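Visitor: I am new to this structure. Please show me how to read it, one feature at a time.

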Amino acid sequence: MVPWREAWHEALYGVHGFYRRPEGPAGHFTTSAHGPLGSVLAEAVGRLADREGVGHVVDLGCGRGELLHQLAALRPDLRLTGVDVVARPVDLPEAVGWLTSPGGAALPHTLDGLEDVLVLAHEWLDVVPCTVLEVAEPGRLAVVLVDPATGGESLGGDPTAAELTWCAQHWPVDDLEEGSRVEVGLARDLAWDDLAARVRGGVLVAVDYGHTRADRPPHGTLTGYRGGSVVAPVPDGSCDLTAHVAVDSLAHDAVVPQGEALRELGIVTGVPPRALARADPAAYLAALARASAATAVTDPSGLGGFLWVLRRVGSR
Ligand SMILES: C[S@@+](CC[C@H](N)C(=O)[O-])C[C@H]1O[C@@H](n2cnc3c(N)ncnc32)[C@H](O)[C@@H]1O
């Protein structure tokens with residue numbers, strides 16, 4: 001039995017880790033970075049780069065570069081760099097740079113001194129493994145251990161002093177009943193700070209599903225995904241392992257729901273005018289597909305409910 005954080009890291013980023021598989025994350029689940037949704041996101045990211053006055057976009061945890069393909073087509077004026085745990089995908093447009101990363105909380109040492117940059121971490125922090133605690137008895141937290149082969153759990157020792165301090169500040173447990181869980185955001189906060197430390201001037205945006213102090217999930221959110229389905233979270237490398245992000249504990253300048261962030265960046269929803277169907281049927285169908293994608297990524301009960309955490313770095 002090992003602490004969840006350790007087993008989780010090995011399962012996703014170890015030698016046979018889930019994210020090293022050839023099919024990549026898009027083989028198992030869809031995000032706002034994929035397909036027609038990704039085209040809307042790329043437009044918004046390009047506008048955000050313009051709004052922030054930066055000319056370089058780094059897509060950290062970019063999968064196999066799905067969003068970068070869209071950005072390269074839409075905004076050839078921007079410098080683009082992808083970062084993920086695998087070698088550069090062969091089909092990536094030549095102009096797009098690439099850095100291979102260790103994975104999880106660890107970043108490549110070559111990712112440093114970034115200037116004039118927008119770093120997008122789209123669904124990265126939810127897969128940065130964190131410590132899972134359980135209320136063993138009123139007022140006492142224990143580290144949850146897991147068997148990597150079966151997912152069977154037991155309770156282990158005490159959290160570290162830093163984890164307890166994080167809980168006291170962000171996820172108080174005094175009123176939690178026995179069996180309640182805390183997914184300690186400290187590892188994500190530190191990874192986010194490490195990322196910010198690699199930026200001399202620019203803006204960081206993390207996009208993830210998350211919670212704030214007002215709505216912490218009492219029983220934890222650790223979930224497995226494989227082949228488009230939710231599966232039991234077994235840290236054996238056969239599935240994704242993800243837990244929602246405590247977004248308010250990340251250092252930030254703003255936290256806004258994706259729907260709001262995209263509307264602020266000029267993404268509009270709504271069906272195209274009916275007259276277009278007669279005047280230009282192909283254009284009408286394209287506009288309809290586009291409207292459908294924009295609706296999906298702004299829908300507050302779906303992808304639009306994801307949270308954008310924005311942090312500016314340097315004297316901009
Ligand atoms: C949930 S997927 C999201 C992929 C893509 N951004 C998207 O939204 O479709 C998380 C990705 O982050 C990558 N990742 C995790 N830790 C990383 C790290 N430290 N550096 C670079 N990539 C990382 C994983 O390999 C995986 O491709």
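Predicted model: local features only at pLDDT ≥ 70, side-chain atom pairs only at ≥ 80, totals over all residues.

Guide: Residues are numbered from 1 along each chain as its sequence is written.

Visitor: How roughly do the axes of α2 and α8 cross, and within what distance do they come?

Guide: Two packed helices are described by the angle between their axes and the distance between the axes. Axes are lines fitted to C-alpha atoms, for helices over the stretch in contact, and angles run from 0 to 180 degrees between N-to-C directions. Here the axes of α2 and α8 (residues 281-298) cross at roughly 75 degrees and come within 9 Å.

Visitor: Which residues of α2 and α8 meet?

Guide: Contact means C-beta atoms, placed from the backbone, within 7 Å. P36, L37, S39, V40 and L41 in α2 meet A289, A293, A294, A296 and V297 in α8. By class, this contact has 9 nonpolar, 1 polar and no charged residues. Ala, Val, Leu, Ile, Met, Phe, Trp, Tyr, Cys and Pro count as nonpolar; Asp, Glu, Lys and Arg as charged; the others, Gly among them, as polar.

Visitor: How many helices and strands does the chain have?

Guide: Both are DSSP runs, numbered from the N terminus: helices are H or I, at least four residues, and strands are E, at least two. The chain has 8 helices and 17 strands.

Visitor: Is α1 enclosed or open?

Guide: A residue is buried if 20 or more other C-beta atoms lie within 10 Å of its own, exposed if 12 or fewer, and partly exposed in between. In α1 (residues 4-13), 8 of the 10 residues are buried, so α1 is largely enclosed by the rest of the structure. Among the buried ones are W4, W8 and Y13. The buried residues of α1 pack against elements including β6 (132-137) and α5 (186-197).

Visitor: Is G220 buried or partly exposed?

Guide: G220 is partly exposed, with 19 other C-beta atoms within 10 Å. G220 sits in the loop between β11 (210-211) and β12 (223-226). There, G220 touches V132, R181 and E183, leaving aside residues up to four places away in sequence.

Definitions and conventions. Contact = placed C-beta atoms within 7 Å.
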